[in-house]
Amino acid sequence: MSRIPMRVLITAAFTLVVAACGGDADDSSTAAADVAQPAPTGTEASEPESESAPESEPSPEPPPAVATDIVDATDQWDVQAIGTGIKPALALTDDGGPAIAWLTEAIEGGVFYATEAGGWGVDTVVEGYFYGPIDLAFDPDGAPNIVYHDHQDSSFQPDKGDLTLARRGAAGWEVLSSGDPGHDGWDSAIRFGPGGELWAAGIEPIDFGTTDGVEFYEYDGATWSVSSVGGPPITYEFNVSMATGPDGQPVLSYYDDSADQLHVATRSAAGWADEVVPGVSGGMFSSLVIDDAGTRHVSFYAATSATAGDVIYAVDDGSGWQVEQIHGLADVVLGMTGARRITSLQLLADGSPVVAST
């Protein structure tokens, strides 16, 4: 498989600011700072601090430009403050415009949604005690759908807490709880299948006395179907990513914190097949993409010590997984700071991968 060198963007933290390439410098506005929110009851979530890789020593033949080079392009970006909150999800509307969903992670918090049309008017989707990251996707009719974890109480109740869907219709936002027993739906992801099927995934954490691990949710417009993917019991915090294979079936990536392993789970007519990416320690904060040829691409973080680690890219074109270190991080602190700790992977038109990471 032929691939050109990848480009990597490292960001310190995500904020609720939309940056649109090609904007006029005179239209830029000052971005609002993140506002820290109280952590939810339960295991404290964490986020590696961003740090660039060390510079190379001078040599007679200079090394290629590293991906962490920063170019001053402030006059080419239109920066707009949208609202106060954390853990945003970005998607494109049918007409190609950006839309964003985010939340305030607090006992008296909320889920919010905005599109560029009409000057970034912000909808308060629902108010309550929620937890992210959340995810956003558009259904075949072009309506926005958001999934998130709803605590369903101002204090932790193990028999409450669900993956919840908010979708916008003609009458406004409709909120639909999956109603699954237990305290589930953490680190939620959403995707629509090739036939318009609504798929979601999330974690029912071992922290709350369960062995279900990653769960898969389907909504047929009237009822929810919820099943365990079949992987090991795990905690939340480390993200679930979802893609669609060329056969139209969902594929998930997630991290087993007890074994320090990256899992990829694939559904077929026979059910779920859960595989461990071989030869890899780590797998936190994964982001999964499957290209048209069926090649699986995933980025993630691998800790090498309590204070250091690597951002990793792995790819499997059917001949086995190839694993590459993108860059190393030093002085990492896993602590509750701002956005959830996620790598984000996309493919350019020529198939080369682009990775962003905190």
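In which strand is the place of His 263? His 263 lies in strand E18 (residues 261-268), strands being DSSP runs of E with at least two residues, numbered from the N terminus. The model is predicted, so local features need pLDDT of at least 70 and side-chain atom pairs pLDDT 80 or more, while totals for chains, interfaces and linings use all residues. Residues are numbered from 1 along each chain as its sequence is written, and side-chain values use heavy atoms, without hydrogens and water.

**View 1. Surroundings of His 263.** His 263 has 5% relative accessibility and therefore counts as buried (under 20% relative accessible area, with exposed over 50% and partly exposed in between; 1.4 Å probe, protein chains only). Leaving out residues up to four places away in sequence, its contacts (heavy atoms within 4.5 Å) include Pro 232, Tyr 254 and Asp 274.

**View 2. The aromatic pair Phe 130 and Tyr 148.** Rings of Phe, Tyr and Trp (its six-membered ring) pair if their centres lie within 6.5 Å; planes under 30 degrees apart are stacked, over 60 edge-to-face and the rest tilted. The count is 16 aromatic pairs. In this one the centres are 5.0 Å apart and the planes at 70°, so the pair is edge-to-face. Phe 130 belongs to strand E8 (residues 130-138) and Tyr 148 to strand E9 (residues 144-150), 18 residues apart. Phe 130 is buried at 0% relative accessibility, and Tyr 148 is buried at 0%.

**View 3. The aromatic pair Tyr 217 and Trp 224.** This pair is edge-to-face, with 6.4 Å centre to centre and 90° between the planes. Both residues are buried.

Key: Helices (H or I, at least four residues) and strands (E, at least two) are DSSP runs, numbered from the N terminus.
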